[in-house]
Amino acid sequence: MPKELVFLGRRKIGFREYQDRPIKDNEIKVETLYSGISHGTEMNIYRGTAPQFHKSVRDGLFQEGESSYKYPMGYGYEEVGKVVEVGENVEKFRVGDIVASAYGHRETAILDVNRTVYLNLVPKEMNPEHAIFQALASVAYDALLTSNVRLGESAVIFGQGVVGLLLVQFCKLAGVNPIIAVDLLEKRLSLSEKLGASYVLNPETCDVAREVRKILNGGSDVVFETSGSTRALHEAIRCGARGYSKVIAVAWYQGPAKNLYLGEEFHHGLGATQIISGGPGINNRLPPAVGRQWDILRVVKTSFDLLKKGKICVEGLITHRFRFEEAEKAYELIDKHPEDCIKVILTFEN
């Protein structure tokens, strides 16, 4: 029987068997080839720091009560698989096709081709490993659309993990100039320069906001925060242009915001004046989004098209590969040594 990865508790991983049902006429069955681990969102589940573990979510609000998340639970949204069975009414996919989707760390999946948003055919000329970036490319592209940054405007990008590195490239494609990348790791800053950053800054060696003002003769038009650090979010506000700029908070922040001081630059209008959530599924892309012009389906399709055409480069971003059965080692690496890896994936032997 096939197996799926489950989180059994904080920093505890296991596997459980399941039985696939027969597919329906509008469905396909895939066998997984690769599955990417989310170094941000998913690690909050692995560590047990997501607020849903100790609060209830009702009517869109977090509140005290029975927790919304409970162990054991599955997760994952960066999968690539091979089609092994096709329903009678399916025309777009055939047995043998490689597809990118989002269905969790499991050996097989049954997907409804009419309802699955994250489902794209991987062309034969594309490295199938690269298709695992489908979901995070859409996150980065979503953040770009949310910012409304225009040709010739400036951007600062805090965090040069996968989302930050993808954002550098999306900004470059959009004509953003200059692009200033910020990270604590020199290796990531070097990679960011290769991918299109105009300037790179390390907070350990400079006051980033002051350097940004020197480069731009003022603050930045837009600032993206992708690291998940509330201290970085505070610095992002400081980097914004006075009176009109905005910060797009892309990351999932955990715990109290001890290093975020809204009574300083933010309150006095000395930095960015807006903080906007750039999280996936939040339709801030066009205000107002007329006819849902940029719904999530279009965001995913557009970002994946750029990915498969090579307009967005992910070569070299996968730094570690572990067999599915070695998943525990993969999570430990990301948890204890995040500085050593950019993207970690699980491989499946079919």
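Modeller: Before we start on charges: Lys and Arg count as positive and Asp and Glu as negative, while His and the chain ends are not counted. Each charge is placed at NZ of Lys, CZ of Arg, CG of Asp or CD of Glu.

Biologist: How many positive and negative side chains does the protein chain have, then?

Modeller: There are 43 positive and 44 negative ones, and the centres of the two sets lie 3 Å apart. Bear in mind that this is a predicted model, where local features need pLDDT of at least 70, side-chain atom pairs count only at pLDDT 80 or more, and totals for chains, interfaces and linings use all residues. Residues are numbered from 1 along each chain as its sequence is written, and side-chain values use heavy atoms, with hydrogens and water left out.

Biologist: Why is Gln 134 called buried?

Modeller: Buried means under 20% relative accessible area, exposed over 50%, and partly exposed in between (1.4 Å probe, protein chains only). Gln 134 has 2%, so it counts as buried. Across the protein chain, buried residues make up 52% of the 350.

Biologist: Which residues is Gln 134 in contact with, leaving aside neighbours within four places in sequence?

Modeller: Contact means heavy atoms within 4.5 Å. Among the partners of Gln 134 are Ala 100, Tyr 118, Asn 120, Val 300 and Phe 304. Gln 134 itself sits in helix α2, residues 134–147. Helices here are DSSP runs (H or I, at least four residues), strands are E runs of at least two, and both are numbered from the N terminus.

Biologist: How do you know that the buried residues of α4 are on the same side?

Modeller: In α4 (residues 186–195), the buried ones are Arg 188, Leu 189, Leu 191, Ser 192 and Leu 195. They cover an arc of only 160° around the axis, so they share a side of α4. That arc is the one spanned by directions from the helix axis to the C-beta atoms. On the other side, Lys 187 and Lys 194 are exposed. The cover over the buried residues includes α3 (162–173), β11 (179–182) and β12 (199–201).

Biologist: And why is Glu 193 called partly exposed?

Modeller: Glu 193, also in α4, has a relative accessible area of 44%, so it counts as partly exposed.
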